[in-house]
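This briefing covers the arrangement of strands and helices in the structure shown below. Please read it alongside the sequence and the coordinates.

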Amino acid sequence: MNAPRRPAGTSASGLALQAELPICQTDLPLGWYQPELRPYAEEYLALPDRTPETVLPWLDRYVRPAQEHFGEALLLLAHFYMGGEIVKLVERYGGAVADSYALALQAARNPERKVIVESAVHFMAESIAILAGDDQQVWITNPKAGCTMEMLAKDHMVLPVADQLLERYGDELCVIAYMNTSGRLKALAGRTGGAVCTSSNAHLVVQWARAQGRRILFVPDQHLGRNTAARLGMDLSKLAVLPDPQVFGGGYALDDAVVAGGLAALDAAEMILWGSFCGVHTIFSAAQVAWWHAQGWRVLIHPESPLEAVQAADGVGSTDYLWKQVLAAAPGDKLAIGTEGHFVRNAAALGAQRGVEVRHLAEIPGSASGGCGCATMSRNDPPHLAGLLDLLRKGAAPDLNRVLAGDAVDELSGARDRLDTAERAALVADARRALEAMIAITERG
Ligand code: SF4
């Protein structure tokens with residue numbers, strides 16, 4: 001069979017699957033697999049080791065027949081933050097690795113691909129589904145793979161608070177929903193005349209909303225919201241931060257006791273930040289940046305990190321920006337990168353091919369928090385990929401793995417609340433409006 005074409009709108013990661021690299025995806029306990037996928041996990045765990053020599057022939061038994069069966073209709077996708085081995089496996093089988101913006105566009109840009117299988121977190125798969133045609137199916141290899149930032153901003157937590165803000169500020173308020181949100185929150189953005197944003201275009205989207213004189217509710221990441229405001233030169237004293245959802249949950253009544261600075265601070269705010277965050281990125285500090293600077297290294301960081309670390313760094317940007325910085329570095333360059341651990345490991349492998357040294361920003365002697373990876377995203381492992389493709393070929397894939405716009409997944413229990421057809425159509429219309437607003441703003445620059 002010919003190697004499948006690379007899908008439109010993606011590029012190779014530049015990481016060859018090297019025989020000497022171990023397959024070191026962390027094994028999950030058997031009880032964590034859906035019953036339908038457990039036989040594949042049992043086979044995988046019974047392999048004598050996790051080297052490519054044993055894992056690849058085992059994967060070929062399931063992946064190749066699925067590729068023969070679906071041909072060009074099948075599209076495999078992974079996010080840059082997936083464990084390095086899944087990134088390389090997806091590329092080995094002709095799939096594509098991208099950031100969340102490029103992933104979201106995959107169905108729309110590749111209409112001939114009818115069966116799209118994603119190894120990443122749920123909101124990324126749902127964003128693809130929102131923009132997919134009626135004849136395209138989106139599947140996720142593990143439905144329990146969620147983004148913890150998104151899990152602290154579920155619709156039942158945010159919508160009651162947003163309703164109170166809409167009552168207080170009326171049409172003046174619009175919602176900007178970071179890509180790391182459910183379709184239900186993207187639809188809220190669309191209903192309020194707002195937009196979706198990513199870490200690479202948040203400044204453009206916020207600028208667009210401010211130019212219309214809108215007061216912004218930014219969900220869910222307080223750090224990206226604050227860093228974006230700083231980048232735009234906004235008065236940071238005019239940001240209101242809603243409480244930590246780990247402590248307060250959501251759905252609370254907005255009053256002086258809940259909002260820092262009270263309701264007066266809320267009324268004075270140009271931008272109101274939901275209080276969520278990414279545990280992987282909040283470990284970074286200005287002290288870590290100073291340590292690497294003292295060793296003569298350049299520091300690059302992702303804008304989901306705290307403001308003081310971002311302001312101390314030499315460059316800030318999305319995963320796409322960080323990857324391109326590694327590609328553009330000259331031999332002998334030394335880069336400390338503050339983002340997800342698997343990405344940095346992949347970037348280090350890429351840099352090593354070209355004489356560029358890459359380290360994780362938190363990898364400092366004596367530090368307890370070095371090199372943290374996105375554990376929930378890594379719940380998509382080789383048995384999930386092999387099992388789902390095999391079950392899809394047999395027409396027996398679990399419905400839980402099918403991703404439809406508006407699905408609300410409880411990543412802890414695996415339970416799902418699915419909208420009916422009419423509700424889903426309304427949600428897709430609203431969420432698409434917000435996504436298309438982002439695409440138009442981004443493409444205008
Ligand atoms: S790294 Fe953080 S923001 Fe990104 S998917 Fe994982 S938990 Fe979410």
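Axes are lines fitted to C-alpha atoms, for helices over the stretch in contact, and angles run from 0 to 180 degrees between N-to-C directions. The model discussed here is predicted.

**Helices α16 and α17**

- Helix α16 spans residues 319–328 and helix α17 spans residues 341–352; their axes come within 10 Å and cross at roughly 20 degrees.
- Because angles under 35 degrees count as roughly parallel, α16 is described as roughly parallel to α17.
- The crossing in which α16 passes α17 is right-handed.
- On the α16 side, the contact involves T319, L322, W323 and V326, which meet F343, A347, L350 and G351 of α17.
- Sorted by class, the residues in this contact of α16 with α17 are 6 nonpolar and 2 polar, with no charged residues.

- An open sheet is formed by 4 strands in the order β2-β1-β3-β4, with parallel pairing.
- Its edge strands, each pairing on one side only, are β2 (96–98) and β4 (137–140).
- On average, neighbouring strands of this sheet are turned by 25 degrees against each other, direction ignored.
- Strand β3, residues 115–119, pairs with β4 in the parallel sense over 4 bridges.
- Within this pairing, V115 stands opposite Q137 in β4.
- Helix α18 (residues 382–393) packs on the sheet and touches β3 and β4.
- The direction of α18 makes about 165 degrees with that of β3.

How values were computed: Residues numbered from 1 in each chain as written. Predicted model: local features only at pLDDT ≥ 70, side-chain atom pairs only at ≥ 80, totals over all residues. Pairing = 2+ DSSP bridges. Helix = DSSP H or I, 4+ residues; strand = E, 2+ residues; numbered from the N terminus. Contact = placed C-beta atoms within 7 Å. Parallel < 35°, antiparallel > 145°, perpendicular 65-115°, else oblique. Left-handed = near helix turned anticlockwise from the far one by under 90°. Nonpolar A, V, L, I, M, F, W, Y, C, P; charged D, E, K, R; others polar.
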